[in-house]
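User: I'm new to this and would like to learn how to read the contacts in a structure. Could you walk me through it?

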There are 2 protein chains.
Amino acid sequence: MMAHSPNGLMIRKLESIFSLCEEERQALARLPVQVTTFKADQDVVRIGDRPSQSCLLLEGFTCVYKLTAEGKRQIVAFHVPGDIPDLQSLHLKVMDNSVATVSACTLGFIPHEALHDICNRYPRITAALWRETLVDASIFREWMTGIGRREAYHRMAHLLCELRVRLTMVGLVKDQTFDLPITQTELADAIGASTVHVNRVLQELRADGLIRSKGTQVSILDWERLKAVGDFDPLYLHLRQDGNA
Amino acid sequence: MMAHSPNGLMIRKLESIFSLCEEERQALARLPVQVTTFKADQDVVRIGDRPSQSCLLLEGFTCVYKLTAEGKRQIVAFHVPGDIPDLQSLHLKVMDNSVATVSACTLGFIPHEALHDICNRYPRITAALWRETLVDASIFREWMTGIGRREAYHRMAHLLCELRVRLTMVGLVKDQTFDLPITQTELADAIGASTVHVNRVLQELRADGLIRSKGTQVSILDWERLKAVGDFDPLYLHLRQDGNA
DNA sequence: CGCCCTCTTGAGGTTACTCAAATATGGTGG
DNA sequence: CCACCATATTTGAGTAACCTCAAGAGGGCG
């Protein structure tokens, strides 16, 4: 659907943060990226692993999750094309979470060595990657606030708002509609609710005329009201321009 | 109680991650730090602010919090001496959360300019500070997992485990006892529960012989069982040595 | 001594969970 | 193209965890 050159996706992303000079752009283009495809529901890295590479998501959706001793799962993040789900492993040797595909995915693996190399040479690229991890952290804070202090109905609206904005940034939203190949069980694990409750909350959002869904396609029928219901303020995404276009 | 030189605290912290060379140590010692004291319950920075400095916590406890539209508060992090609660503002211009003191505090403010300067000159210091923000993010993930998937009784045990380990790292635990000047309302905002429920959960932890408290002093009576109840694995804190000494 | 803040207790109500089963959907092979 | 299977969604009913409201009991400080 997109992502011709894996490096191109990354370059475009960094360009949205600051203007790269020619030298930086070429250094990024030279990064060795090993492209691999995954089926849905496969672990990419697991808690306890010590990866020697990070993965750039080129196509599809991934999630970051943790399990409790009781075997319950919490999804702490979804990632969309252009994101680097395990960038943290560049500086934290042992994974404290797992990363799995949600849909079929194309991933580009970049050796840590190459990333360290480019960071040592180009401080602005270091800053941009650091910034990426800071935005991830900001999203964690926002999700935590939702899980701790908002009801499930509002959390679901909030999540849909966030996905709509992030997918817009990478050109995956058309006519207020985007593909969301995420099951209700996965949505439940993300918002900290049961599958049954997510089902009821989604029905309520549909009944209230906020969204519509056909298969994996989700359409937002009333963006302003959905934002209001979700208590959604895109500030925490730290976008250049806000994604309301 | 500690922290003679503000810079000393930071140097000791970074030394626990990697060995600084003399030049790096001196550069850190030269960082301009403006020391200020705060009373309890005061905002240090607010959501929406665009700080030109970051603050190093020298004494006391601070928290990071967000508010929902309904006016409910979620505390997403506590910080202990040696932490830099708003280090993120070095690369994210607008604050997406507020930072407040929980107890009376001493803070050292360091201009972003000086931090950028030292980062440009010493890539290993950049890496260490980046790593700090990654550990913060790891803690967010763990808290989110707790709030989403563990019951309040277990979350409270988990939080006490975490504070015990982090305070041990900075020498603030003696005989399984530490000072915890955090009200039950604040604990409630941190674990995503009501004050009433926190009160009952604490009583249960005491009745179960896991902890004891006198005023703001908390003693851990059975570390192994508290860890088990809290489903606590210190992996996510990414310590050099585990804090079980 | 009295005030304010925090902690504690009780009671009733709500959100959301679990268990269980039925229905729909989508992909696959005959 | 259809039958079949696995997976996902939907529904119902009973239950548990937790919340809100309200009021009383410390406890530290001016």
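Predicted model: local features only at pLDDT ≥ 70, side-chain atom pairs only at ≥ 80, totals over all residues.

User: Which residues come nearest to DNA strand D?

Analyst: There are 15 residues around DNA strand D, and Gln184(A), Asn199(A), Arg200(A), Gln203(A) and Ser194(B) come nearest. Gln184(A) has one 2.7 Å from a phosphate oxygen of DNA strand D, and for Arg206(A) the distance is 3.4 Å.

User: And which element gives the largest share of the surface near DNA strand D?

Analyst: That's H7(A), with five residues. By class, this surface near DNA strand D has four nonpolar, seven polar and four charged residues.

User: Now the two chains. How much area is buried between chain A and chain B?

Analyst: The size of an interface is often given as the accessible area lost when the parts come together. Here about 4300 Å² is buried between chain A and chain B, and carbon and sulfur atoms give 68% of that. On the chain A side, Trp130(A), Met144(A) and Arg149(A) lose the most area to chain B, together 22% of what that side buries.

User: How many salt bridges cross the interface of chain A and chain B?

Analyst: Six. One salt bridge joins the side chains of Arg141(B) and Asp96(A), at 3.1 Å from N to O.

Notes. Residues numbered from 1 in each chain as written. Chains lettered and ligands numbered in written order. Heavy atoms only, no water. Near = heavy atom within 4 Å. Polar contact = N/O pair within 3.5 Å; in protein donor to acceptor, adjacent residues only side chain to side chain. Helix = DSSP H or I, 4+ residues; strand = E, 2+ residues; numbered from the N terminus. Nonpolar A, V, L, I, M, F, W, Y, C, P; charged D, E, K, R; others polar. Buried area = accessible area lost by both parts, 1.4 Å probe. Salt bridge = Lys/Arg side-chain N within 4 Å of Asp/Glu carboxyl O.
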